Amino acid sequence: VQAVDKMRASNQLPGVTARPNVVRLLEAAFMGETTRKMRLTAYVCPNPVPCPAKGQMVAAETCRRIDAARLIAQLAVQSGTPMSDADALEYADTVCNRADAYGYVADGALVSMAQVSARCASIACIKLVVTDEAACGHGYARDLVSQIARAEVQNGFLPQLYAETDYPSSNRMYQAIGFLPMGDLIELAFC
């Protein structure tokens, strides 16, 4: 708690993501100075299953930045942190320049995106999973995440991701791919 307080006081730590028991401890220590942002479920996927849909996974660098920015802006709104068009375009530039970011194209349009944000030890962390709101329900994200997870397993990594607990459809999708829930976390922000 002292180390967290020191980092928080110097504005180096805007918040933490931790197990519920740790969050309760921090909330008690910093009474009135914290806000719960979201509940997350941690998943790993040792045996991903194929989930084909009518589309194709592509390297994000081949996607138009404006299309990627549109998806990123939708994800930001869904997460409760809307961003300007300029910020979404800047973030899209960053994501699309990464070799470990992918798009999913159906009928010539970018309909979904995901990224492997880090590989450390034997874990590959998948994040930024988003599907265009108009294209939801066709299995595009499921196929994209399944292909990414299968490639990571083939390369010796255990795919891992965090899903917002309050989005049951996303959680069902990850479980259909073969992701196994490992526990719950809470994102806590310091006021």
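At what angle do the axes of helix H3 and helix H4 cross? Keep in mind that this is a predicted model.

The answer is roughly 110°. H3 covers residues 65–78, H4 covers residues 85–96, and their axes come within 8 Å. Angles from 65 to 115 degrees count as roughly perpendicular, so H3 is roughly perpendicular to H4. The crossing is right-handed.

Now the contact itself. H3 brings Arg-65, Ile-66, Ala-68, Ala-69, Ile-72 and Ala-73. H4 answers with Ala-88, Leu-89, Tyr-91, Ala-92, Asp-93, Val-95 and Cys-96. By class, eleven of the contact residues are nonpolar, none is polar and two are charged.

Next pair: H5, residues 140–154, and H6, residues 168–177. Their axes lie 10 Å apart, and the packing angle is about 45°. H5 and H6 are therefore oblique to each other. This crossing is right-handed too. From H5, the contact uses Ala-141, Arg-142, Val-145 and Ser-146. From H6, it uses Met-173, Tyr-174, Ala-176 and Ile-177. That set splits into six nonpolar, one polar and one charged.

Let me stay on H5. It has 15 residues. From first C-alpha to last it reaches 21 Å, close to the 21 Å expected at 1.5 Å a residue.

Which residues of H5 are buried? Tyr-140, Ala-141, Asp-143, Leu-144, Val-145, Ser-146, Ile-148, Ala-149 and Glu-152. And what covers them? The cover includes H6 and strands S3 (56–59), S4 (101–106), S5 (109–120), S6 (123–131) and S7 (158–164).

Last point. After H5 comes Gly-156, with a positive phi near 90°.

Terms used. Residues are numbered from 1 along each chain as its sequence is written. This is a predicted model: local features need pLDDT of at least 70, side-chain atom pairs count only at pLDDT 80 or more; totals for chains, interfaces and linings use all residues. Side-chain values use heavy atoms; hydrogens and water are left out. Axes are lines fitted to C-alpha atoms, for helices over the stretch in contact, and angles run from 0 to 180 degrees between N-to-C directions. Helices (H or I, at least four residues) and strands (E, at least two) are DSSP runs, numbered from the N terminus. Angles under 35 degrees count as roughly parallel, over 145 as roughly antiparallel, 65 to 115 as roughly perpendicular and the rest as oblique. A crossing is left-handed if the near helix is turned anticlockwise from the far one by less than a right angle, and right-handed if clockwise. Contact means heavy atoms within 4.5 Å. Ala, Val, Leu, Ile, Met, Phe, Trp, Tyr, Cys and Pro count as nonpolar, Asp, Glu, Lys and Arg as charged, and the others, Gly among them, as polar. The expected span of a helix is 1.5 Å times one less than its number of residues. Buried means under 20% relative accessible area, exposed over 50%, partly exposed in between (1.4 Å probe, protein chains only).
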